[in-house]
Amino acid sequence: MTRSADSDVSAVEVVKRSSDFLRGTIAQSLADPLTGSIPESDGTLTKFHGTYLQDDRDVRAERARQKLEPAYSFMIRARISGGVLSPQQWLLLDQLARDHAGGAIRATTRQTFQFHGVVKRDLKKTMQRINEMMLTTLAACGDVNRNVMCTPLAEISAVHAAALETADALSDRLLPQTGAYHEIWLDGERVTPVRDEEPVYGPTYLPRKFKIAVAIPPWNDVDVFAHDIGFIAIEREGGLAGFNVAAGGGMGATHGDPATYPRLGTVLGSCSVGQAVAVAEQIMCVQRDYGDRRERKHARLKYTVDDRGVDWFKGELTSRLGFELGPEMAYEFRHNGDRFGWQQDSAGAWHLTLFIPGGRIVDRPDRQLLTGLRELARVHKGEFRFTPNQNLIVAGVAGQDKPAVETLAQRYGLDAGASLEPFRRDAMACVALPTCGLAMAEAERYLPDFLGRLGELLERHGLRDEPLSVRITGCPNGCARPYVAEIALVGKAPGRYNLMLGGNRVGDRLNTLYRENLSETQILETLDGMLGRFAGRRQDGEGFGDFVARTELSGRAA
Amino acid sequence: MSVTILKKSPSPGVPQGPDARLVADLNDFAGRLDQQQLWWASGYLAGLAASGAQAGKAQPAPAAEASPAPAWTIFYATETGNSRSIAEELLGQIQGLGVEARAVDLADFRPAQLKKETRALFVVATHGLGEPPDGTEAFFEFVLGDRGPTLDHLSYAVLALGDSSYEDYCETGRQLDARLEALGATRLADRVECDVDFEAPSEAWQQDMLARVEAERAEADAAPAGPAANGAAAPHLVPVGGRQYTRKDPFPATVLENQPITGRGSSKDVRHVVLSLEGSGLSYQPGDALGVWPTNPPQLVDQFLTLLELEADAEVRLDGESTTLGEALAHRLELTLLGRSFVQGYADRFDVAPLKALLDAEDRAPFNDYLADRQVIDVLADHPVALSAQDLTDTLKRLTPRLYSIASSLEANPDEVHVTIGVVRYTAFEREHFGSASNYLAAPGGTVPVYIAPNPRFRLPEDAAAPVIMIGAGTGVAPFRAFLEEREARGADGDNWLFFGDRNFHSDFLYQVEWARYRRDGLLTRHDVAFSRDQQDKVYVQDRIRERGVDVFDWLERGAHIYVCGDANHMAPDVHAALLDVIAQGLGRDCDAAEDYLRELKESNRYQRDVY
Ligand code: SRM
Ligand SMILES: Cc1cc2nc3c(=O)[nH]c(=O)nc-3n(C[C@H](O)[C@H](O)[C@H](O)COP(=O)(O)OP(=O)(O)OC[C@H]3O[C@@H](n4cnc5c(N)ncnc54)[C@H](O)[C@@H]3O)c2cc1C
Ligand SMILES: Cc1cc2nc3c(=O)[nH]c(=O)nc-3n(C[C@H](O)[C@H](O)[C@H](O)COP(=O)(O)O)c2cc1C
Ligand code: SF4
């Protein structure tokens with residue numbers, strides 16, 4: 001971690017503090033025609049505005065030899081709580097993707113989308129057009145509360161509606177208030193005299209990113225324990241009765257640094273629907289005041305909770321809230337993947353969950369996802385919902401409109417995923433190369449190859465249709481939430497992964513590092529043997545992750 | 001270092017050998033010197049002997065100031081910053097001793113400069129699968145590859161950072177350490193390798209290095225100044241046997257590098273070509289051009305043979321000697337450049353009526369239009385005549401060398417010359433066309449016959465403080481690279497302003513990272529660019545000049561010299577017109593006054609052009 005001159009806090013803290021509420025010199029840097037990049041300090045700040053400087057790592061070495069700067073471009077991430085978009089918004093999104101983002105929309109693991117490859121001279125225009133479609137990118141990234149997730153489909157539509165309403169309220173309440181966003185991207189006038197205030201955050205915002213998710217049991221598609229705060233919606237008699245509150249979850253770790261680790265959120269108790277916003281705000285404020293501002297690798301809420309203890313944390317929270325959380329309420333999780341194909345909810349509306357390979361909505365010769373979804377958006381009367389697993393739901397289709405949707409889906413191969421084996425449909429990979437600056441190995445681009453080879457093994461052991469969660473990330477930061485998967489590959493170097501095993505399919509157990517720094521051949525050899533033993537010796541109904549945890553990992557420290 | 005310069009017992013026959021005590025003293029003294037100091041001492045003592053004097057006795061000692069201790073450079077290769085933080089810490093510590101030092105990121109370092117270093121400490125991480133950190137590839141390719149220079153002036157030590165869970169542990173540090181030694185450099189201390197918990201070993205290494213720096217400083221304080229005490233001058237071109245290479249007798253320069261510098265998706269193919277002048281005795285100044293004798297590319301030769309249905313091994317006579325047609329076409333005859341004289345000769349000799357008509361016409365325009373985008377082969381194809389191998393040989397003109405603005409400063413790149421080659425390849429008249437020299441230079445390998453074409457009319461101001469405005473489009477930017485290298489190497493402190501234009505920012509920003517470094521270092525004061533095809537409306541350098549008119553005029557009033565290089569047909573006249581506008585505005589007067597102003601600039605050599 002870069003040290004700052006002011007050794008009390010990390011360099012990023014100094015940048016934030018002197019940024020004038022996230023302005024920095026972003027506007028000037030955008031106007032500099034000599035480079036496609038912006039300086040590092042502005043890069044730190046643009047994250048809060050929802051955009052990252054990246055470069056195409058595939059050509060980095062080549063361009064260095066060509067005496068050209070890296071092929072810089074920007075990634076833009078929107079903030080859409082619960083992942084809900086109207087068809088009109090979809091059409092604009094689609095147009096923007098084709099105009100400025102290489103014809104691709106990337107569905108993320110947090111129910112929103114990203115554009116990649118937007119060059120600097122197009123950045124402002126693109127941001128403006130996103131805002132014109134009544135979306136924002138503010139606080140999609142940065143040391144603030146990020147996109148609030150919410151299980152996108154529930155059998156009882158009223159529960160989904162109420163949970164989503166809470167997600168929206170959380171998102172709104174925890175949104176930064178700075179005028180910088182408006183000024184820089186939307187040509188807003190700076191209000192003088194300057195009266196910027198961040199009533200919740202203060203001028204240095206949070207020590208680190210902050211994430212909230214709302215799960216509606218029995219579906220844990222949001223991986224509710226992987227976030228700083230997880231709300232577990234409790235349904236009673238067809239309505240939303242309140243939430244269990246978990247805190248201190250997070251995935252990110254650093255190779256070789258035992259002071260960093262993934263952690264599952266700890267359930268602190270329960271609250272009413274009306275209390276949820278206050279509870280989240282106060283948890284966030286404890287973290288704002290007690291989180292580590294010196295070492296960014298150690299600045300997430302999970303470390304604050306562990307360093308000071310759950311009891312201390314609860315005590316601090318209670319005193320800030322002025323009330324105690326209620327006892328944990330009963331619930332049960334069944335699955336942390338998406339449910340593909342058509343589902344009907346209690347109100348009679350139909351929803352079609354489409355499998356999006358690698359989350360990448362793009363036209364390929366065999367599947368024209370971008371074009372197909374555009375055509376669909378032209379006729380669809382309901383909404384689109386991004387799922388927590390990089391997929392997309394065509395939501396709210398009336399019975400009589402179903403055939404039209406089906407016809408389009410078929411014409412463009414939109415629901416080709418319906419017929420895939422479960423291990424392929426439930427697999428996830430983070431973006432990684434070539435855009436992610438932190439990637440150490442391939443992930444999204446490698447996933448199909450790996451699944452192909454894993455498929456051969458499963459076939460050989462008669463396990464082709466066995467549900468199995470496989471997740472790959474290009475580095476240990478954990479963007480595809482790999483540490484709760486049954487099989488995870490965590491990138492270490494080109495072609496090398498740490499093999500993690502023993503998560504389960506409900507997302508409430510961390511997996512364990514099985515072996516480090518393996519090549520594909522070594523991974524497949526290891527899995528081959530293990531799958532063989534699993535096929536022969538599994539107990540009735542036992543999943544692979546549970547089997548591995550029981551037999552292969554027992555005795556190892558988790 | 002332990003050194004013994006004298007044997008304990010002098011060999012028999014040496015008159016008046018030194019006694020044992022003196023030998024011991026001398027060995028003791030020598031043991032404190034490094035290799036360079038030893039060389040210096042030997043010269044010093046020899047000088048004393050020759051002058052018949054004895055040190056410190058009859059003669060006053062030669063003007064002996066305390067020689068400055070050599071400056072240290074801490075080089076680092078980092079991706080995630082660990083190496084940088086170690087290097088910076090060590091830098092502070094060395095400077096704390098009052099010793100001159102700097103820390104340099106190998107990603108920003110011009111490898112050819114390594115020759116100038118005498119004391120280097122390397123902090124080097126390994127990434128990928130045993131590869132150098134991003135951005136430093138060029139340095140490692142240079143040092144580890146064939147271009148690795150002789151480094152016998154260099155003393156060095158390596159701290160290698162890595163992670164032992166990788167197969168190729170600390171590979172980059174290991175390779176560098178071995179290679180530096182192989183290139184003749186002296187290892188100051190064994191390489192230290194650090195695993196992910198690098199703090200303790202790196203701290204110990206830093207302490208070790210500090211002790212060495214300190215010791216050397218103490219010695220330098222004690223030792224008298226000497227000519228070679230502080231680094232050797234960069235080795236310069238040494239003429240072999242005094243031979244002068246010329247246009248007629250060109251030097252076969254080895255190609256050291258042939259690097260495309262336009263990115264993916266470019267509509268052009270531009271190369272940065274580095275040639276070795278080592279041993280040639282050739283020298284040049286920024287502004288000069290390099291003459292290149294091409295070999296016609298094989299595709300071009302084949303086009304002729306195919307069109308005329310001739311055989312490459314047909315015997316022909318050329319200049320009273322016999323050779324084959326293939327040889328003559330490849331090496332002796334001009335296959336592309338089309339001039340009036342060739343057309344005239346062809347038309348007369350073979351009685352080609354339509355060409356004759358075109359040549360004889362009162363109005364020259366149709367003929368010029370005809371020539372504009374044609375090469376020799378187009379004329380032969382348009383007006384076919386049955387030619388024998390000998391006819392063809394007799395008809396074609398002699399091959400002519402091509403000129404390329406030199407893109408390097410000799411000061412900054414000893415023994416090298418760099419050029420920027422736009423590869424000419426286009427399709428017209430249903431045929432692929434190849435530029436002769438540019439395609440020859442773009443095909444890798446071997447040697448290239450070259451000479452220097454001096455251009456005294458394109459020279460940096462003598463006054464190092466004079467401001468300079470450089471205007472170049474496309475490969476026209478080449479000499480400005482040489483200018484800036486030169487101004488940097490000489491420490492010229494005049495302001496520099498570069499206008500550059502090309503088609504696309506993404507792929508055609510020639511030498512982009514170098515300009516950026518000059519901007520950061522403050523050498524390039526201003527930099528304006530125009531990329532014509534990145535937006536709806538075309539924008540060119542002349543538009544930028546007009547936009548910046550007030551400042552341009554201000555610079556001129558401050559004595560700025562203006563240089564224009566590149567396309568003669570469009571860019572140069574358009575820039576000229578823009579300058580006139582800017583001057584007229586600045587003067588608040590009409591175009592005539594501006595013309596006078598610009599003419600005066602020209603006459604005082606402050607407006608120079610190198611256009612082609
Ligand atoms: C797009 C996405 C992955 C995907 O394939 O969908 C993603 C992509 C990136 N993540 Fe992530 N993260 C994404 C979800 C996650 C998740 C999962 C989640 O939140 O449910 C995690 C683990 C949960 C957690 O936060 O612990 C996650 C933990 C990280 C971390 C590690 C944070 C930590 O405190 O340990 C980093 C690195 C950092 O922040 O320094 C990171 C950083 C990044 C960056 C921005 C790389 C960077 O900082 O330069 C990646 C951009 C890659 C690219 O080219 O697009 N991302 N990231 C996900 C976008 C979510 C969104 O819409 O907001
Ligand atoms: C002082 C000076 C400095 C120069 N500096 C540089 C430099 O730094 N970099 C550089 O790349 N060049 C430079 N040139 C130009 C260079 O000398 C050559 O003219 C150029 O490289 C083409 O040579 P060639 O042998 O490859 O092509 P040739 O074999 O000479 O063929 C080029 C000929 O093809 C014909 N032609 C028809 N249509 C076209 C077309 N569309 N495009 C091109 N040619 C066409 C023209 O007759 C042209 O002369 C410089 C020239 C001069 C006089
Ligand atoms: C993607 C990646 C690949 C690496 N590959 C190697 C390797 O092949 N060999 C090695 O010894 N160390 C390897 N390392 C470890 C680094 O050399 C080590 O982390 C070092 O401290 C980094 O120094 P830096 O911060 O100066 O770049 C690798 C690190 C990363 C992030
Ligand atoms: S897990 Fe690592 S490689 Fe993958 S997107 Fe996140 S930061 Fe990038």
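Predicted model: local features only at pLDDT ≥ 70, side-chain atom pairs only at ≥ 80, totals over all residues.
Residues are numbered from 1 along each chain as its sequence is written, with chains lettered from A and ligands numbered from 1 in the order in which they are written.

Chain B comes first. Its secondary structure comes to 21 helices and 21 strands, where helices (H or I, at least four residues) and strands (E, at least two) are DSSP runs numbered from the N terminus. Of the 612 residues in chain B, 50% are buried; buried stands for under 20% relative accessible area, exposed for over 50%, and partly exposed for anything in between (1.4 Å probe, protein chains only). Taking contact as heavy atoms within 4.5 Å, residues 24 or more positions apart supply 76% of the chain B contacts that have a separation of 6 or more.

One arginine of chain B gives a local view. R459(B) sits in the loop between β16 (447-453) and β17 (468-473) of chain B. With a relative accessible area of 18%, R459(B) counts as buried. Leaving aside residues up to four places away in sequence, R459(B) touches Q285(B), P286(B), G287(B), D288(B), F483(B), Y563(B) and Q608(B). Its side chain makes a polar contact of 3.4 Å with that of Q285(B). Here a polar contact is a pair of N or O atoms within 3.5 Å; within protein, one must be able to donate a hydrogen and the other to accept it, and residues adjacent in sequence count only if both atoms are side-chain atoms. A polar atom of the R459(B) side chain also lies 3.1 Å from the backbone oxygen of P286(B).

Next comes the interface. Chain B puts 32 residues into the contact and chain A puts in 23 residues. About 2,400 Å² is buried between the two chains, with carbon and sulfur atoms giving 49% of that; buried area is the accessible area (1.4 Å probe) that two parts lose on being put together, summed over both. Six salt bridges are counted between chain B and chain A, each a side-chain nitrogen of Lys or Arg within 4 Å of a carboxyl oxygen of Asp or Glu. One salt bridge pairs the side chains of D134(B) and R60(A) at 2.2 Å, N to O. On the chain B side, the elements giving two or more residues are α3 (82-96), α4 (137-144), β7 (251-260), α16 (505-508), α17 (512-521) and β19 (526-531). The largest share, four residues, comes from α17(B). By class, this side of chain B has nine nonpolar, eleven polar and twelve charged residues; Ala, Val, Leu, Ile, Met, Phe, Trp, Tyr, Cys and Pro count as nonpolar, Asp, Glu, Lys and Arg as charged, and the others, Gly among them, as polar.

Most residues other than glycine have a negative phi, and most peptide bonds are trans. The bond from P217(A) to P218(A) is cis, with omega near 10°, and P218(A) is in the loop between β7 (212-215) and β8 (229-236) of chain A. L22(A), not a glycine, has a positive phi of about 75°, and is buried at 0% relative accessibility. The loop between β16 (428-429) and α15 (447-460) of chain A holds P434(A), and the peptide bond from L433(A) to P434(A) is cis, with omega near 5°. A432(A) is in the loop between β16 and α15 too, with a positive phi near 50° and a relative accessible area of 2%.

A432(A) is also one of the residues around ligand 4, including C430(A), C436(A), C475(A) and C479(A), where near means a heavy atom within 4 Å. That shell has eight nonpolar, four polar and no charged residues.

Ligand 1 has 30 residues around it, of which T108(A), M251(A), T435(A), C479(A) and R481(A) come nearest. Oxygen atoms of ligand 1 lie 2.7 Å from a polar side-chain atom of Q114(A), 2.9 Å from one of R208(A) and 3.4 Å from a polar backbone atom of C436(A). The shell divides into nine nonpolar, 13 polar and eight charged residues.

How values were computed. Heavy atoms only, no water.
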